[in-house]
Amino acid sequence: MPEILAKHMSQRKLRERRPALRTALSALALAALIAPAVSSEAIAVPSGQTVTFHDMIWGEPGPAGLTMRFRFIAPQIAGEIGYDEAEPDMAFLCESYALPRLSAQGPSVNQIIISLSDQPVPFGEMAPEVVQFFEAYRPEGTACIWEGF
């Protein structure tokens with residue numbers, strides 16, 4: 001009898017921990033998806049500038065609901081590359097880099113924000129000395145639809 005009670009209690013504890021376990025497993029799955037993306041290798045973009053992946057932010061709410069922010073470092077936007085040349089790069093990064101990294105499981109992403117900075121900036125901090133470009137997109141199938149801020 002004590003063995004049955006012990007087994008029942010361990011099953012009950014497992015059920016109570018399932019939400020936390022699911023959250024942890026989801027985080028691990030997301031980390032596994034983006035792990036190959038975390039690289040200091042240059043990403044080829046239409047303008048030819050040097051762009052590298054910096055990080056991805058998914059825990060901060062956005063104006064359109066679930067928002068994924070993909071942040072890139074692009075040193076040349078501090079002088080050589082202006083917004084008009086960088087804008088097609090951001091659209092390209094959304095479609096070729098961000099979209100393939102979105103999970104088909106779980107809640108759907110309503111907005112993707114692509115940012116280029118000439119140097120790393122901690123998320124949410126003001127850095128007036130750093131050149132930064134941002135664009136917002138709505139994912140639709142294999143396309144990113146521009147949504148101006």
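**Before you start**

This is a predicted model: local features need pLDDT of at least 70, side-chain atom pairs count only at pLDDT 80 or more, and totals for chains, interfaces and linings use all residues. Residues are numbered from 1 along each chain as its sequence is written, and side-chain values use heavy atoms, with hydrogens and water left out.

**Stop 1: the sheet**

Colour the strands. Strands (E, at least two residues) and helices (H or I, at least four) are DSSP runs, numbered from the N terminus. Which order do the five strands of the open sheet take? The order is β1-β2-β3-β4-β5, and the pairing is mixed. Two strands pair if DSSP finds at least two bridges between them. Strands of a sheet pair through backbone hydrogen bonds, either parallel or antiparallel.

Now select the edges. They are β1 and β5 (143-147), and each pairs on one side only. Turn the view and look along the sheet. Neighbouring strands are turned by 30° against each other on average, direction ignored. For such angles, axes are lines fitted to C-alpha atoms (for helices over the stretch in contact), and angles run from 0 to 180 degrees between N-to-C directions.

Next, select β3 with strand β4 (residues 132-140). This pair is antiparallel and has six bridges. Pick Ile 114 and find its bridge partner in β4, Glu 135.

**Stop 2: the salt bridges**

Side chains of opposite charge can pair when their charged atoms come close. A salt bridge here is a side-chain nitrogen of Lys or Arg within 4 Å of a carboxyl oxygen of Asp or Glu. How many salt bridges does a search of the whole structure find? It finds three.

Select Arg 71 and Asp 55. Their side chains meet in a salt bridge at 2.6 Å, N to O. Arg 71 lies in strand β2 and Asp 55 in strand β1 (residues 52-57), so the pair ties together parts that are 16 residues apart in sequence. Are these two residues buried or exposed? Both Arg 71 and Asp 55 are buried. Buried means under 20% relative accessible area, exposed over 50%, and partly exposed in between (1.4 Å probe, protein chains only).

Move on to Arg 138. Its side chain meets that of Glu 140 at 2.8 Å, N to O. Arg 138 also forms a salt bridge with Glu 147, at 2.9 Å, N to O. Select Arg 138, Glu 140 and Glu 147 together: they are linked in a network of salt bridges. Check how open each one is. Glu 140 is partly exposed, with a relative accessible area of 43%. Arg 138 is partly exposed at 29%. Glu 147 is partly exposed too, at 22%.

**Stop 3: the largest cavity**

A 1 Å grid over the protein atoms alone defines the spaces: a cavity is a set of points where a 1.4 Å probe fits but cannot get out, and a pocket is an open set with protein on both sides within 12 Å along at least five of seven lines. Lining residues have an atom within 4 Å of a point. Points are joined across faces, edges and corners, and a volume is the space filled by probe spheres set on them.

One cavity reaches 30 Å³ or more. The largest cavity holds about 40 Å³ of space. Select its lining: His 54, Arg 71, Phe 72, Ile 73, Ser 115, Ser 117 and Val 121. β2 (67-73) and β3 (111-117) are the elements that give two or more residues to this lining. β2 gives the most, with three residues. The lining divides into three nonpolar, three polar and one charged. Ala, Val, Leu, Ile, Met, Phe, Trp, Tyr, Cys and Pro count as nonpolar, Asp, Glu, Lys and Arg as charged, and the others, Gly among them, as polar.

**Stop 4: the second largest pocket**

This pocket has a volume of about 250 Å³. It is lined by 15 residues; Arg 71, Phe 123, Gly 124, Gln 132 and Phe 134 lie nearest its centre. β2, β3 and β4 each supply at least two lining residues. The largest share, three residues, comes from β3. Eight lining residues are nonpolar, four polar and three charged.

**Stop 5: two contacts**

Select Thr 52, in strand β1. Thr 52 is buried, at 18% relative accessibility. Thr 52 and Ala 42 are 10 residues apart in sequence and 4.9 Å apart in space, C-alpha to C-alpha.

Finish at Pro 88, in helix α2 (residues 83-98). Pro 88 is partly exposed, at 35%. The C-alpha atoms of Pro 88 and Pro 46 are separated by 6.9 Å, and the two residues are 42 apart along the chain.
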